[in-house]
Amino acid sequence: MDHTLSVTAPAPQVRPRRAGRAGRHRGSAFAVRAALVLGAVVVLGMWWFTVPAGYAATPANALTSFGELAGMVGGFLVCAQVLLIARVPWFENAVGLDKLVSWHRSLGASVLFLIVAHVLLLVLGGELADRNPPWTEFVSILNSYPDMVTALVGTIAFLVVGLSSARLIRTKLSYEVWYWLHVTTYISIFLTFLHQLSGGAHFVSQPVNRILWLALYLGTAAAVLTWRFILPGLDAWRGRMRVAAVVPESEGVNSVWLTGPRVADLGVRAGNFLLFRFFSRGHLGTAHPYSVSAVPANGYLRITVGALGDHSSRLPNLRPGSLVFAEGPFGRFTADRASRPRILLVAGGAGIGPIRALAEELVRRGAQPVVLYRARSARHLALLGELQAMPGVTVIPLVGRRSELGFDPLAAEALHRLIPDVHDWEAFICGPAGMADRVQASLRTLRMPKRFIHREELSMS
């Protein structure tokens, strides 16, 4: 690599996003956060206005009361977690599915903590009140309240699902195992919900709380059934596609061409991803998110996928004619987020797919983007020829392992040598999480404002 290579791009006339659009997106995201906070405040009020006057008179009373509060807040956050990924249009349009998944993942630790705290505080409070050993008190609670055995089963299932998402354990599980473990969450919610109404101190004799809690859970269930199953199922059937061809692009990267009579009606834009379910052996059990590398044209759509797991590794075995259901499109990694004239696209690994589509869209809008394409060897440069053939696109392959190059081509110093005025540019990054983190850190070091750095996550789990 030429260490002194630099890029001086002209300032083309790019159609920027409308001035108020970013503000509307930020306002919508704030509204989603505000709705979640308001819900938590309502739950706190439900507890506060029905808690006994002597809720903290003794350590036993205090532990029991706060254990009940932990259970109520945990129950609310479980519904919030489910709603975040229920494909509710208002949430999706306001925040974007990738960010909603990130929020869902972040809430997981809080839910687990509250569930464990709920159980431990109730057991400790009962232990102090009844002067029983912890195990005896635990068994006493199981026998004294209705629906506690089913609640215990649901709680154990919650803990298993939560632990399966821990980074150390998640890397040991296939996507399919992880996915079906998470499907059991719906059963867990049902099992734990029963004891909340039949044995919860703040619900048994409090009709207002019961109505609010029923509305929360029934509303969540209705949202899941409507937007995760019924409507997507109907849309997938109407927009069903078939595999036209599978084309090797580079080592470990393949493109799948899809065709169907309503491909153009999907509304797919460059940078979007869809959830694809292939009706073929080894694929039917789960739907996987893949970004488009070529938007619909002439009845065809293309995705370009790296062999990152069992599912993606089996894509080359797909046969032409295989039925495909697609849900989406999702994501906000799109050209209309660009508001500066100079645009930098950074791709690595399977991230070249959405970056390739985005480059084509930006060129149509009058931009002349620069693409930094990171790969560990020339054998891994998928779609390079297509990018180089696009008029107005400058492609800079950054090839080689850091140990071989003797430096990091994505470090701040290297990026500054390539594009000295990069702080005046806008960046779109798509690639492995480690690479994306490194690029974002380098751009921030070079004083590029965070609001001009856009990322697409390759994993939704």
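Arg33, Lys99, Arg444 and Lys450 form a positive surface patch. A patch takes in residues with over 30% relative accessible area and no salt bridge, like charges being joined within 9 Å; Lys and Arg count as positive, and a charge is placed at NZ of Lys or CZ of Arg. Of these residues, Lys450 sits in the loop between helix H15 (433-445) and strand E11 (453-456). Lys450 has a relative accessible area of 57% and is therefore exposed, the cut-offs being over 50% for exposed, under 20% for buried and partly exposed in between (1.4 Å probe, protein chains only).

The model is predicted: local features need pLDDT of at least 70, side-chain atom pairs count only at pLDDT 80 or more, and totals for chains, interfaces and linings use all residues. Residues are numbered from 1 along each chain as its sequence is written, and side-chain values use heavy atoms, with hydrogens and water left out.

Strand E3 (residues 273-278) has five of its six residues buried, so the rest of the structure largely encloses E3. Two strands pair if DSSP finds at least two bridges between them. E3 runs antiparallel to strand E4 (residues 288-297), with four bridges joining them; here Leu274 is opposite Tyr290 of E4. E3 also pairs with strand E6 (residues 323-330), again in the antiparallel sense, over five bridges, and Phe276 has Ala326 in E6 as its bridge partner.

In strand E8 (residues 370-375), six of six residues are buried. One face carries Val370, Leu372 and Arg374 and the other Val371, Tyr373 and Ala375, and both faces are covered. Strand E7 (residues 343-348) pairs with E8 in the parallel sense through five bridges, with Val346 opposite Leu372.

Side chains of opposite charge can pair when their charged atoms come close. The structure holds 13 salt bridges, each a side-chain nitrogen of Lys or Arg within 4 Å of a carboxyl oxygen of Asp or Glu. One of them links Arg356 and Glu386 (2.8 Å, N to O). Arg356 belongs to helix H11 (residues 352-364) and Glu386 to helix H12 (residues 384-389), so this pair ties together parts 30 residues apart in sequence. Arg356 is buried at 9% relative accessibility, whereas Glu386 is partly exposed at 28%.

Arg402 and Asp408 form another salt bridge, their closest N and O atoms being 3.8 Å apart. Arg402 is partly exposed at 44%, while Asp408 is buried at 16%. Elsewhere, salt bridges with shared partners join Arg302, Arg356, Glu360 and Glu386 into one network.

Note on methods. Patches are made of residues with over 30% relative accessible area and no salt bridge: like charges are joined within 9 Å, nonpolar side chains (Val, Leu, Ile, Met, Phe, Trp, Tyr) within 5 Å. Accessible areas come from the Shrake-Rupley method with a 1.4 Å probe; for residues, only the protein chains shown count as cover. Helices (H or I, at least four residues) and strands (E, at least two) are DSSP runs, numbered from the N terminus.
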